[in-house]
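User: Hello! I am new to this protein and would like a guided look at it. Could you take my questions one at a time?

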Amino acid sequence: AVLRTQLSALIGTESACGHAPSEADELVPSDRDVCVHIEKALSCRCDLLMMKRLRGTINGDSLDVWDSIGALLSGVPALAKNKSFWLILLRTKRSQTEIQCAIAVRRKWLDDLIAERTRQISMEVEVAFEKKKTAALRWVNSGEQISNWETRITQLEKLSEVQGNMASQFEARLNWLQVKGQRIERWVEWHQANVELILAIGCEPVL
């Protein structure tokens with residue numbers, strides 16, 4: 001409650017309520033949720049979307065431009081812009097079949113880049129998702145430990161009426177405070193992992 005109050009002062013009450021872990025089912029997502037996040041990322045990541053849109057610009061009129069792009073991305077110096085008369089003549093005499101072949105080669109090259117980037121994005125989302133899930137499990141586990149120590153303290157207090165156990169009570173309360181401190185750390189870890197997942201997806205994830 002204290003953490004949520006402090007967070008509300010920073011980002012507002014409505015936003016703060018959605019940034020605190022809860023013991024709902026979505027706290028420990030299933031593998032199906034991973035696929036949902038990956039699908040969302042593939043529709044949000046601007047680098048992947050740009051490559052897909054660029055694919056539609058490959059045509060006979062843009063072959064020179066794509067030669068320059070390919071040279072740039074592969075580290076090869078781009079072809080000189082000034083061409084001799086004979087090179088221009090050869091370009092004009094190029095058959096339609098050759099042009100279509102050149103277009104197909106450049107599309108294949110871009111398709112390979114798109115496939116590789118898709119794989120990389122999927123892996124990034126999976127890693128971020130697993131990190132958030134682990135953080136959530138650790139957060140829930142810390143809550144269970146607090147409850148266990150509270151139960152233990154209550155038991156010791158009842159036993160103290162029969163036998164003195166102040167040392168045991170002190171130790172139990174010390175462990176209880178330590179676990180409460182760890183719970184705050186687990187909350188921060190979960191929040192950081194949630195931010196990393198949002199960044200990996202590229203837009204607000206669907207939960």
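User: Which helix has the highest mean pLDDT among the elements of the protein?

Analyst: This is a predicted model, where local features need pLDDT of at least 70, side-chain atom pairs count only at pLDDT 80 or more, and totals for chains, interfaces and linings use all residues. Residues are numbered from 1 along each chain as its sequence is written, and side-chain values use heavy atoms, leaving out hydrogens and water. pLDDT is the predictor's confidence in each residue, from 0 to 100, and helices are DSSP runs of H or I with at least four residues, numbered from the N terminus. Helix α6 (residues 85-92) has the lowest mean, 44, while the highest, 89, belongs to helix α8 (residues 166-201).

User: Is Arg45 buried or exposed?

Analyst: Arg45 sits in the loop between α3 and α4. Beyond four places in sequence, its contacts include Arg117, Ile121 and Leu199. Buried means under 20% relative accessible area, exposed over 50% and partly exposed in between, using a 1.4 Å probe and protein chains only. At 13%, Arg45 is therefore buried.

User: Which residue's side chain makes a polar contact of 3.0 Å with that of Arg45?

Analyst: A polar contact pairs N or O atoms within 3.5 Å; within protein, one must be able to donate a hydrogen and the other to accept it, and residues adjacent in sequence count only if both atoms are side-chain atoms. The Arg45 side chain also reaches the backbone oxygen of Ala200 at 2.8 Å. The side-chain partner at 3.0 Å is Glu124.

User: What is the relative accessible area of Asp111?

Analyst: Asp111 belongs to helix α7 (residues 96-159). Its C-alpha lies 8.7 Å from that of Met51, 60 residues apart in sequence. Asp111 counts as partly exposed because its relative accessible area is 28%.

How values were computed: Helix = DSSP H or I, 4+ residues; strand = E, 2+ residues; numbered from the N terminus. Contact = heavy atoms within 4.5 Å.
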